[in-house]
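Visitor: Could you take me through one part of this structure up close? I'd like to know which way the side chains point, what sits alongside, and how the pieces pack.

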Amino acid sequence: MSTDLTNSAAWKSLEKHFREIEKVTIKDLFKLDETRGTSFVTQEAGIYFDYSKHRVSAETLSLLFSLAEERGLEAKREDMFSGRKINTTENRSVLHTALRAPKGSTILADGHNVVPDVHAVLDKMAVFAEKVRRGEWLGFTGKPVKNIVNIGIGGSDLGPVMAYEALKYYAMRTLTFRFVSNVDGNDFSEAVQGLDPEDTLFIISSKTFTTLETMANAQAARAWSLKKLGSISAVARHFVAVSTNEKEVVKFGIDAENIFGFWDWVGGRYSMTSAIGLSTMIAIGPENYQQLLDGFHQIDVHFRTAPLTRNIPVIMGLLGIWYNNFFGAQTQGVLPYDNYMKRFPAYLQQLTMESNGKQVTLGGKRTDYQTGTIYWGEPGTNGQHSFYQLIHQGTKLIPCDFIGFKETLNELPSQQDYLIANMIAQGEALAFGKTADEVRAGNVPEELVPHKVFEGNRPSSTFFLDKLTPENLGKLVAMYEHCVFVQGAIWDINPFDQMGVELGKVLAQNIIPELQDNEKPLNHDSSTNALIGFYRK
C-alpha cells in the first residue's frame with residue numbers, strides 16, 4: 001500500500017522523470033550544456049558546492065524542489081528553528097541551533113528564551129578552559145593539569161574526537177588529549193598509558209550520568225586515580241562532569257561547581273557545540289571555539305533563509321533522496337582531502353544513520369521506501385589505495401562527497417597541489433570514465449581492454465573551502481546536520497530520537513549477571529544460550 005509520500009503528485013512526477021532520464025549519462029548531460037560546470041554550482045557562506053557531476057538535469061532539480069515544497073520542508077524547518085516540539089516521540093524541541101546563536105538572540109522553548117542559558121554555560125566553560133590552559137587548575141598534589149581524558153560514548157565522544165583531530169593544528173600542544181568510549185577495558189587502559197594521575201583531568205560526559213559504558217569507564221578512571229592519590233577528596237580536583245544529573249555527579253565525588261549542564265532539547269549526536277565540547281574548548285581555546293560556533297551559525301542562517309534553489313543542505317538532501325529512492329543506492333561516500341579530517345566520516349556515521357535509520361513515519365506507519373543512507377569514508381589519498389577500486393569499477397552505485405581546502409595549514413605547498421589534483425581527478429574519472437577505444441589508444445593488449453575500461457557515470461559532489469579553520473569545520477558539520485533534517489522531512493520520519501539503540505542495551509543488562517554466575521539458569525534462544533555457555537567455560 002502506498003504511503004502519503006509515494007502516492008504524492010511530486011513523487012509520481014519524479015518516478016515518471018526517472019524512467020526518462022535513467023539511461024542518460026553524466027557525459028551526455030555535459031554535452032547538452034557546455035556551461036553545466038559553472039551553472040550547477042552554488043557558492044554560499046564561504047562554501048563552493050559543485051553538483052554538476054550528478055545524474056540530474058535542470059528538470060530533475062525542479063521536480064526535487066517541488067517535492068520539498070509539497071512535503072512542507074520550509075514550514076518544518078521553521079518549526080525546528082522556532083522551538084516547536086518536532087521530536088514528537090519524546091515530546092521535545094530540537095534546538096541544537098540555539099547552542100551557536102549569538103548573544104542577544106531570542107529562541108524559545110516552552111516560552112523560555114534559552115539563549116542566555118546557553119551563553120552562561122559557554123562563559124563557565126571558557127573560564128574553566130583558560131584555567132587549565134594557563135596552568136592554574138591544579139591537581140590534588142598541587143601539580144598543573146597536563147593531560148585531559150574525555151570519557152563518553154556516541155555523541156559525547158564522536159564529536160569531541162572528530163573536532164580535536166580536525167583542529168589539532170590549533171590545539172595547545174603542551175596539553176595531551178585522549179578519548180575513551182568503548183566499555184572494552186582495553187580502550188581505557190591504552191588511554192591512560194604513560195599518564196600520571198597527579199596531572200590528569202577526566203571529563204565525564206553523560207547527560208544522565210547512568211550510561212553503562214561511560215560510567216564503567218568513569219569508575220575505572222576513579223579507581224586508577226585514587227590508587228595513587230589516595231584520598232577521596234582528590235576526585236574533585238581531577239574530575240569534572242558534563243551532565244544534567246547533579247545528584248549522581250556529586251555522589252561520584254565531583255564538585256557541583258564543576259558540572260557543565262545542557263538540556264533535553266539537545267540530542268547527543270547534535271551536542272558537540274554544547275558543554276560536550278569542553279575538551280575541544282580546552283584544546284583550541286575559547287576564541288577559536290567561538291569561531292567554530294560562528295561557522296555553525298552561518299550555515300544555520302543560510303539553511304533557514306536561502307531559497308531552496310541555492311540552499312546547500314537542501315540540494316544535498318534532495319540529491320540523496322534521488323539516489324536512495326529512485327536509483328536504489330545504498331551508501332554515500334564522504335571523502336575529505338585533508339588528513340586532519342580523518343574522523344569526519346565516522347562522526348557523520350552517527351549523525352546520519354542514527355538520525356534517519358528509521359522504518360516508520362511520524363504517524364507510526366511502516367514506510368514503503370528506503371530511508372537512512374549508509375555513510376562511510378576515509379581521507380584522500382588513502383582511500384584511493386583502498387576502496388576506490390569498487391567505486392570506479394564495481395557493480396554498486398556509490399555517490400561521493402569530495403571535500404577539499406584551497407590552502408594547506410602546513411607549509412608543504414607542492415604536496416597540497418598533489419592532494420587537490422587527486423581530488424579533482426577522482427571526480428573527473430568517476431563522472432567520465434575511459435572508453436574501450438580510449439584504452440586501446442594506449443596500445444593496451446586487447447585481452448586487457450575490458451579490465452581497463454572505466455564506464456564512468458558515477459556521481460559526486462565537490463565542496464571547496466578556503467582553509468581548514470574552526471569556522472569552516474563548523475560550517476561543514478552544520479551542513480550535514482541540516483542535510484539530515486531535509487531528508488527526514490521528506491521521508492516523514494523523526495531524525496531526533498534513537499529508539500533502535502535501546503533493545504540491545506536492555507538485553508545486555510540481562511546477560512551480564514548470567515556471564516558472572518555460572519549457575520544462573522538461561523532462558524534465551526538456543527543460539528544465545530550456547531554463546532553464554534561457551535563464554536562461561
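Guide: Buried here means under 20% relative accessible area, with exposed over 50% and partly exposed in between, using a 1.4 Å probe and protein chains only. Strands (E, at least two residues) and helices (H or I, at least four) are DSSP runs, numbered from the N terminus.

Before going on, a word on the source: this is a predicted model, where local features need pLDDT of at least 70, side-chain atom pairs count only at pLDDT 80 or more, and totals for chains, interfaces and linings use all residues. Residues are numbered from 1 along each chain as its sequence is written, and side-chain values use heavy atoms, with hydrogens and water left out.

Now the neighbours. Strand 5 pairs with strand 6 (residues 176-180) in the parallel sense, over 5 bridges; pairing takes at least two DSSP bridges between the strands. To get from strand 5 to strand 6, the chain goes through helix 7 (residues 155-166), and this β-α-β crossover is right-handed. That is, with the strands pointing away from the viewer, the path from the first strand over the helix to the second runs clockwise. Strand 5 also runs parallel to strand 7 (residues 200-205), joined to it by 5 bridges. Val149 has a bridge partner in each: arginine 178 in strand 6 and phenylalanine 202 in strand 7.

For the packing, look at helix 6. Its 19 residues, 115-133, reach 26 Å from first C-alpha to last, close to the 27 Å expected, where the expected span is 1.5 Å times one less than the number of residues. Among its buried residues are Val118, Leu122, Met125, Ala126 and Ala129. Helix 6 packs against helix 13 (residues 286-305) at an angle of about 140°, with the axes 10 Å apart. Those axes are lines fitted to C-alpha atoms over the stretch in contact, and angles run from 0 to 180 degrees between N-to-C directions. Helix 6 brings Leu122, Met125, Ala126, Ala129, Glu130 and Arg133 to the contact, and helix 13 brings Pro286, Tyr289 and Leu293; contact means heavy atoms within 4.5 Å. These residues split into 7 nonpolar, no polar and 2 charged, counting Ala, Val, Leu, Ile, Met, Phe, Trp, Tyr, Cys and Pro as nonpolar, Asp, Glu, Lys and Arg as charged, and the others, Gly among them, as polar. After helix 6 comes glycine 135, with a positive phi near 75°.
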